[in-house]
Amino acid sequence: MSLRPLTTPWFHPPAGHEKLWLGLALLWCFVMSLMMPYWHFRGKQNSTGEAYAVKPADFLARTEQFVAANRVGTFKNPVAANAMLQELPIAEPPPGGDAYLTARMWQWWPALRLRAGETYRLHLSALDLQHGFSLQPLNMNFQVLPGYDHVLTITPTSKGEFTIVCNEFCGIGHHAMTGKIFVE
Amino acid sequence: MTTAPSSHSLAAPGVPGRVCGTTGLGVCLDAQRFIKLNAVVGIVFLLLGGIAALLLALTRWQTVHLLPADWFYRILTFHGINMLILWILFFEVAILYFACTTPLNARLFSRKVAWVSFGMMLTGGVMVDYIILAGQADVMMTSYLPLLAHPLFYLGIILVAVGTLIGVFNFFATLYVAKRDRAYTGSVPIVTFGATAAAIIAVVTLLHGAIVMIPTFTYAMGWTPQPDPAWYRLIWWGLGHQSQQVNVCAMVSVWYLLSHVILGARPVNEAVCRTAFVLYILFINLASAHHLLVDPGVGATWKIWNTSYAMYLAVLASMIHGFTVPAGIEIAMREKGYVRGVFGWVTALPWKNPALSATVLSVVIFGFLGGITGVTLGTQQINIIAHNTLRIPGHFHVTVVGGTSLAFMGLAYYVIPLIFQRDFIFRGLARVQPWLFGLGITLLSFGMSFAGSMGVSRRSWDIDAQGIYGPAAHLWLGVLGIGGVLAFLGLLTFVLLCVGTLFFGKKIGAGAAMSDWGTPPALAGSSAGSLAHDHYATKGTIVLTLIFLACFAVYYFANWKALADVWPVR
């Protein structure tokens, strides 16, 4: 009875179909548990959460320094949240080097130019609120927090123009917070 | 040892109680009053959240794009709070009050405590809704710092949480006194056991809520410095994710309850079902990590261990219930004589009974859609291609809405006749309602999930502003919109049926039985309990669960393949 107290002994080991299902379900749980460590060592896409404490003002200063040293052009963002946010410097980090990307209401600053097949250390942080780094059309997503320098060691393997969309709610201009990565 | 009933037993003289004319079980009149109050207020919040849902669906349906940006985010905050917190918590308190009284033949521990709980929850709920609609809390349900809302927003949530904790205390006190005074003998039934698991998780959940909301409230008042945003995320999800596991426990208990009430089903193996509930209690806490899988500052080892809830033991628990609930139904049907073939018992189910269809749809939608997507999206690395896209709400709308809310709706088709003692009006409409709601929410989820796979983010007012989404993404947002409208119609039908019945439903007199929604009669020559020792009688269920496992594996590995196609990243 599911609605009255049980007065007869109710402990029985599982048997028959139930035992079979328990075994299969447990096996499947082990498979899923092992997939993650396996992918961590053998797979190429992992989120290791490498991060360092950083004050927002310091992170902005590092980004400005990075842009000053590596600027290769200017990009007019046609879908910027407003006219003031339209102009983005394009910076190209050296292969194997560090790239800085600042998230703020409502823009990803600067635009980046990367080389396919090269590996970069991409530093992400926010100046004001939490933001979401969503690289489209690849659909790769990472969280960006103020106070945290989130480092992605990333290797672009496809060429073209990629758009960064913000996918963490950050106020009224959130939907129009975009950025660019060009891969050549 | 005395045999006289204690003062906490419904059988004691002078205890306000009645005997149910349908089930023959005792009903505590105090518990009945608070079941009514909490259920009615819950359904009012469900309607508010539902109206918000319609507005949101009609905004994300890009062709319609109804609301302006500020109202979209305001209504989105309102929708999350009303649905995930207010509707669910009020209804769950009602379920707790039922589960600790009638099945144990016990009376509710304290009327005063129940009033305090109800009063605090209602005050908090009204406070939060008011401050959101006043435009002072456009922060989403998660209110991630440094986003900041009006202090009343946090205070309201704290009041709701503490009020719920007081209700949970009343539940535990009732259990304790019933046991101490021997209101019943033996072990508590599975429904009470499941509700107890839900209550235990609720306590842990609400303590997380207090830990995160109190310093955020004092920060909003300007009294203390800002808490760290990463710390906030970690603790908040100890509230946010675990509270959904309260829903899972309550929902599974409702599955056991309704399959028993409608069909006479019982767990195939009580020990296994109870162990599964214990697994929820032990391991669900870790799932808070599912929201931090692409976060900075938490390492891969931490992410992987917590993602797996210690080797997926909480997932194992759901897979156990996913077997034992249909297995119990199959055994009950076969014992009634519906033995034809592997699935003859399925076709013979009383599909016109809205509580039955709601239960079956809830099991199927929760398992096949919600469970599979949830485990897959919550896999540490796969989360890279899912985090904060529409795939996430695509997942939780088929767990919390298609699973929990639909099961609770099914329960209402019995709660209202049995507790409010009124028969439903428009019974034909009631028979259609779970199908309409289930279909709507399934379409909504498909729309969200496919749009999310194309990179469309959640919580975004306008995808055209980003200039990169093509006709396919727009098509799936249209499916989301149509599903949302259908689900809203299903919800509205439910609310109107319930409210209409409370006012105009035919009264069921004392000792009289409710009108039968449809229960399968036992066929000639069948005998109850005949399959109690046949461990291979659940042929249909084992086939269904094997199909489920195959679907799970295909979806799971397809997502690893999709992940392997994106840029290498560490």
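Which residue stands opposite T102(A) in strand 5 of chain A? It's W109(A), and the views below start from there. This is a predicted model, where local features need pLDDT of at least 70, side-chain atom pairs count only at pLDDT 80 or more, and totals for chains, interfaces and linings use all residues. Residues are numbered from 1 along each chain as its sequence is written, while chains are lettered from A and ligands numbered from 1 in the order in which they are written.

**View 1. Strand 4 of chain A and its strand partners.** Strands (E, at least two residues) and helices (H or I, at least four) are DSSP runs, numbered from the N terminus. Two strands pair if DSSP finds at least two bridges between them. Strand 4 and strand 5 (residues 107-109) of chain A run antiparallel, with three bridges, and a hairpin of two residues links them. Strand 7 (residues 120-126) of chain A runs parallel to strand 4 of chain A and is joined to it by six bridges. Here Y100(A) has H123(A) as its bridge partner. Five of the seven residues in strand 4 (residues 98-104) of chain A are buried, so the rest of the structure largely encloses it. (Buried means 20 or more other C-beta atoms within 10 Å of a residue's own, exposed 12 or fewer, partly exposed in between, with C-beta atoms placed from the backbone.)

**View 2. Where chain A touches chain B.** The contact (C-beta atoms, placed from the backbone, within 7 Å) takes 74 residues from chain A and 84 from chain B. On the chain A side, helix 1 of chain A gives the largest share, 18 residues. By class, that side has 39 nonpolar, 30 polar and five charged residues. (Nonpolar covers Ala, Val, Leu, Ile, Met, Phe, Trp, Tyr, Cys and Pro; charged covers Asp, Glu, Lys and Arg; the others, Gly among them, are polar.)

**View 3. Helix 2 of chain B, with its bend.** Helix 2 of chain B is mostly covered, with 28 of its 31 residues buried. At N82(B) it bends by about 35 degrees, the angle between axes fitted to the seven residues ending there and the seven starting there.

**View 4. Chain B as a whole.** Chain B has 15 helices and four strands. Its C-alpha trace spans about 70 × 60 × 45 Å along the principal axes. Of its 570 residues, 62% count as buried.

Note on methods
Contact = placed C-beta atoms within 7 Å.
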